[in-house]
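Please open the structure in the viewer and keep the sequence beside it.

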Amino acid sequence: MIMKRVVITGMGIYSCLGTTLEQVRDALYHGRSGIVCDPTRKQIGFRSTLTAHLDIPDLKPVLNRHQRAFLPEEGQYAYCATLDALKNAGIDEDYLLHNTVGILYGNDSSAEAVMKGVDRIRLMKDTTMCGAAAIFQSMNSTITMNLGCLFHLKGINLTLSAACASGSHAIGLGALLIRDGLQEMIICGGAQEANAIGAAAFDGISAFSTREDEPTKASRPFDRDRDGLVPSGGAATLILEEYEHAVKRGATILGEVIGYGFSGNGEHIANPNISGPIASLQNCLRDAGIKAEDIQYINAHATSTPIGDSSEAQAIFQVFGEKTVPVTSTKSMTGHEMWAAGATETVYSLLMMHNDFIAPNINFENPDEDSQHLWIPSTRLDKHFDTFLNNSFGFGGTNSSLIIRKI
């Protein structure tokens, strides 16, 4: 069987760096951080007030009251990103009504919606008081069920739940379905709630940086003095399409998904290892049919945790060698967008590729014994590149790597 080619024809984003592609591109170009302090988090027992700043979108102009009621915070971000991605791809409502389009979206929590529903039940001693919309907000598949209805999607409808690799796996599995001829177009992406409730358990295990005196310098991937990640959120959507189908409808092609690699660590539920990421990288290169030296930029998973960054640095070094390819983590500016990260970072990398620059790994001042072997630019590189790799790794040892090439 001849495998189909898979291309990206649209993208949209809702990020702490901006809510349009132009805003996000400019923030990346100038190395501008979206990290702030939220003092209210101390009042509910947080160790760290650090977080990304995102405004809740106003959807009243585009959705009626009932439609809005079913969407939790992360669903609202995903709706905005998808609306923009479809527009970017030149796809209107009539097209969606008369063609089979699927959706695969990464999401791994709806903590705030669950908490609010349970709180109302406990307060009123009546389950009916949680409201008719509570079940649709609180289910993990909230995004795909809502967007599938709002956009009239009649193809595959599935939520990918794989911790911080969720968004990446959604893109990778979408590519596989199109490659095998099972779908012609799939809306793919990832979303993450940015509220305090969704991040509380992470704070409870001391995963967050406490560098609260300088919020924009708190997220320090690969830096020797990093002390933890910064929680973030948002959403990103990419329109994946079969190449010939895209050409036939005159779509602008933003990139081609040529490689998807994945693996499981098979060890500790929280602590990463090196062999799992190495396998993901090698599998991705093999799937793409290219060599390590063909990769011109790596957007690393690196979240600014001591163990995670070190294990990834070692894996990249073993596969790519000593300082052969620029490696940065856009999480230095955004914090960790968790379930959304694999999708948002694909958008960030596409924006860089189309504008001939590599965003800086800000706050990278001193390498450690592992990151010293990598080429990690702390200032922007004005550089043309046409092939990049994006890593996403998550709790439970789930690993995903994507390779995307410009056509």
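The stops below concern confidence, salt bridges and cysteines.

**Before selecting**

This is a predicted model, in which local features need pLDDT of at least 70 and side-chain atom pairs count only at pLDDT 80 or more, while totals for chains, interfaces and linings use all residues. Residues are numbered from 1 along each chain as its sequence is written, and side-chain values use heavy atoms, with hydrogens and water left out.

**Stop 1: confidence**

Colour the chain by pLDDT, the predictor's confidence in each residue, from 0 to 100. The chain has an average pLDDT of 97, and 100% of the residues score at least 70. Next, select helix α6 (residues 111-124), where confidence is lowest, at a mean of 89. Then select strand β7 (residues 234-242), where confidence is highest, at 99. Helices (H or I, at least four residues) and strands (E, at least two) are DSSP runs, numbered from the N terminus.

**Stop 2: salt bridges**

Side chains of opposite charge can pair when their charged atoms come close. A salt bridge is counted when a side-chain nitrogen of Lys or Arg lies within 4 Å of a carboxyl oxygen of Asp or Glu. The structure contains 16 of them.

Select K217 and E214, whose side chains form a salt bridge at 3.5 Å, N to O. K217 is partly exposed, at 34% relative accessibility, and E214 is also partly exposed, at 36%. In these terms, buried means under 20% relative accessible area, exposed means over 50%, and partly exposed lies in between (1.4 Å probe, protein chains only).

Move to R224 and D225, a salt bridge whose closest N and O atoms are 3.4 Å apart. D225 is partly exposed, at 34% relative accessibility.

Now select R405 and E256, where the closest N and O atoms of the salt bridge are 3.6 Å apart. R405 belongs to strand β12 (residues 398-405) and E256 to strand β8 (residues 255-264), so this pair ties together parts that are 149 residues apart in sequence. R405 is partly exposed, with a relative accessible area of 32%, whereas E256 is buried, at 6%.

**Stop 3: cysteines**

How many disulfides does the count come to? A disulfide requires a pair of cysteine sulfur atoms within 2.5 Å, and the count is 0.

Select C37, which is in no disulfide; its nearest cysteine sulfur, that of C16, is 14 Å away. C37 is partly exposed, with a relative accessible area of 29%. Finally, select C284, which is buried, at 0% relative accessibility. The closest cysteine sulfur to that of C284 is in C188, 15 Å away and too far for a bond.
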